[in-house]
Amino acid sequence: MRVAPDYTVESFGDSPRLADALLREVTHGAKRATAELATAFHADGDQLPRIGSHWIACDGRGHPAIIMRSTELRLATFNEVDEAFAYDEGEDDRTLASWRREHRRYWERTCAARGVEWSEDDEIVLERFRVVWPPEFAD
């Protein structure tokens, strides 16, 4: 039995606008990591990613844009996320303070939409990746 499929097809974030903005951070910025609540995978009926699996990242309209390969995964709580991970996620000013502020807002919003309350003790899947296609964006 496999832990996760060989690939998934998804978008970043919870809206077309956020999907496009975060995708742009991957293709034209420094974003090489992402974080999601473990419970969100379960709520969506998805398995957790695995090292070596691929993610076809779509834009806000659902069109495939790039292929990424997972290179590192770990579980942590909100307070266990470190400066290095926040920096690699490549968003805002890349500090841990902005990472915590923006992810708190995001998870409070997405958990409320699922009818649950977010907690700093919830497990977070921290994933680092590299872009493997198309060649003009590949690492």
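Is Ser53 buried or exposed? Select Ser53: at 6% relative accessibility, this residue counts as buried (buried means under 20% relative accessible area, exposed over 50%, partly exposed in between, with a 1.4 Å probe and protein chains only).

Before moving on, please note that this is a predicted model, where local features need pLDDT of at least 70, side-chain atom pairs count only at pLDDT 80 or more, and totals for chains, interfaces and linings use all residues. Residues are numbered from 1 along each chain as its sequence is written, and side-chain values use heavy atoms, leaving out hydrogens and water.

Stay with Ser53, in the loop between helix H2 (38–43) and strand S3 (54–58); helices (H or I, at least four residues) and strands (E, at least two) are DSSP runs, numbered from the N terminus. The Ser53 side chain reaches the backbone oxygen of Arg50 at 2.7 Å.

Now select Arg50 and Asp6. They form a salt bridge, with the closest N and O atoms 2.6 Å apart (a side-chain nitrogen of Lys or Arg within 4 Å of a carboxyl oxygen of Asp or Glu). Arg50 lies in the loop between H2 and S3 and Asp6 in the segment before S1, 44 residues apart. Arg50 is partly exposed at 22% relative accessibility, and Asp6 is partly exposed at 37%.

Next, pick Glu72 and Arg128, whose side chains meet in a salt bridge (2.9 Å, N to O). Glu72 sits in strand S4 (residues 64–76) and Arg128 in strand S5, 56 residues apart. Glu72 is partly exposed at 31%, whereas Arg128 is buried at 15%.

Note on methods
A polar contact is a pair of N or O atoms within 3.5 Å; within protein, one must be able to donate a hydrogen and the other to accept it, and residues adjacent in sequence count only if both atoms are side-chain atoms.
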